[in-house]
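Hello,

Here is the structure I promised to pass on. Please open it first, then read my notes below.

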Amino acid sequence: MNSEQKKTLLLLKLVIFNYHGLDEEEKSILSSTAAKLEAPEELKWAYEFYEQDSLTAFDRARAFFKTTIATYEKEIQTEFLHSVWSDAQSKGYVSEIEAMSMLKLAKDWGVQKELLILVRK
């Protein structure tokens, strides 16, 4: 995975988790993901992106994703969304706002059907 993909995945997780406020477990998930990807700078970048204006972060991220993840193959797009879904489930729940955000992004990228198949398993 290249640096752009790492930034994209970490930003995706950050904006989804931050919809209801980032708790310690979610911060830990982000740190763990960054460690696995060897991406501390990319995680720092994602936090800086978010903190520029937290109220518009999701919409700004959607615009960013149009130039990054929207250009990736469907399998990668679905894998990224499924990764967020799995991480949310690992904390014991997927909030309605998290699920709706993922579905909105899946619709943007044309992978709603693929995401729904994965989450139903």
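Let me start with one glutamate. E114 touches K74 and T78, leaving aside residues up to four places away in sequence. E114 sits in helix α7. With a relative accessible area of 27%, E114 is partly exposed. Another glutamate to look at here is E79. It is 35 residues from E114 along the chain, and the two C-alpha atoms are separated by 9.5 Å.

A word on confidence. This is a predicted model. The average pLDDT for the protein is 93, and 100% of the residues score at least 70. Confidence is lowest in α7, the helix with the mean of 88. It is highest in α3, at 97.

Next, the core. The largest nonpolar core has 38 residues. Which of them touch the most other members? They are L11, L12, F65, L81, L105 and W109. The elements giving two or more residues to this core are α1, α2, α3 (40-52), α4 (57-67), α5 (74-90), α6 (96-109) and α7 (112-120). The most comes from α1, with eight residues. In general, nonpolar side chains in soluble globular proteins tend to be buried together.

Residues up to four places away in sequence aside, L12 touches F65, F80, L81, V84, L105 and W109. Of these partners, F65, L81, L105 and W109 are also on the list of residues that touch the most other core members.

Now the pair α1 and α2. Helix α1 covers residues 3-17 and helix α2 covers residues 24-37. Their axes come within 10 Å and cross at roughly 175 degrees. Angles over 145 degrees count as roughly antiparallel, and α1 and α2 are therefore roughly antiparallel to each other. On the α1 side, the contact uses K6, L9, L10, K13, L14 and F17. On the α2 side, it uses E26, I29, L30, T33, A34 and L37. These contact residues divide into eight nonpolar, one polar and three charged.

Last, a backbone point. E38 has a positive phi of about 55 degrees, although it is not a glycine. Most residues other than glycine have a negative phi. Where is E38 placed? It is in the loop between α2 and α3. Is E38 buried or exposed? E38 is exposed, with a relative accessible area of 67%.

Best wishes

Key. Residues are numbered from 1 along each chain as its sequence is written. This is a predicted model: local features need pLDDT of at least 70, side-chain atom pairs count only at pLDDT 80 or more; totals for chains, interfaces and linings use all residues. Side-chain values use heavy atoms; hydrogens and water are left out. Axes are lines fitted to C-alpha atoms, for helices over the stretch in contact, and angles run from 0 to 180 degrees between N-to-C directions. Helices (H or I, at least four residues) and strands (E, at least two) are DSSP runs, numbered from the N terminus. Angles under 35 degrees count as roughly parallel, over 145 as roughly antiparallel, 65 to 115 as roughly perpendicular and the rest as oblique. Contact means heavy atoms within 4.5 Å. Ala, Val, Leu, Ile, Met, Phe, Trp, Tyr, Cys and Pro count as nonpolar, Asp, Glu, Lys and Arg as charged, and the others, Gly among them, as polar. A nonpolar core is a set of buried Ala, Val, Leu, Ile, Met, Phe, Trp, Tyr and Cys residues joined through side-chain atoms within 4.5 Å. Buried means under 20% relative accessible area, exposed over 50%, partly exposed in between (1.4 Å probe, protein chains only). pLDDT is the predictor's confidence in each residue, from 0 to 100.
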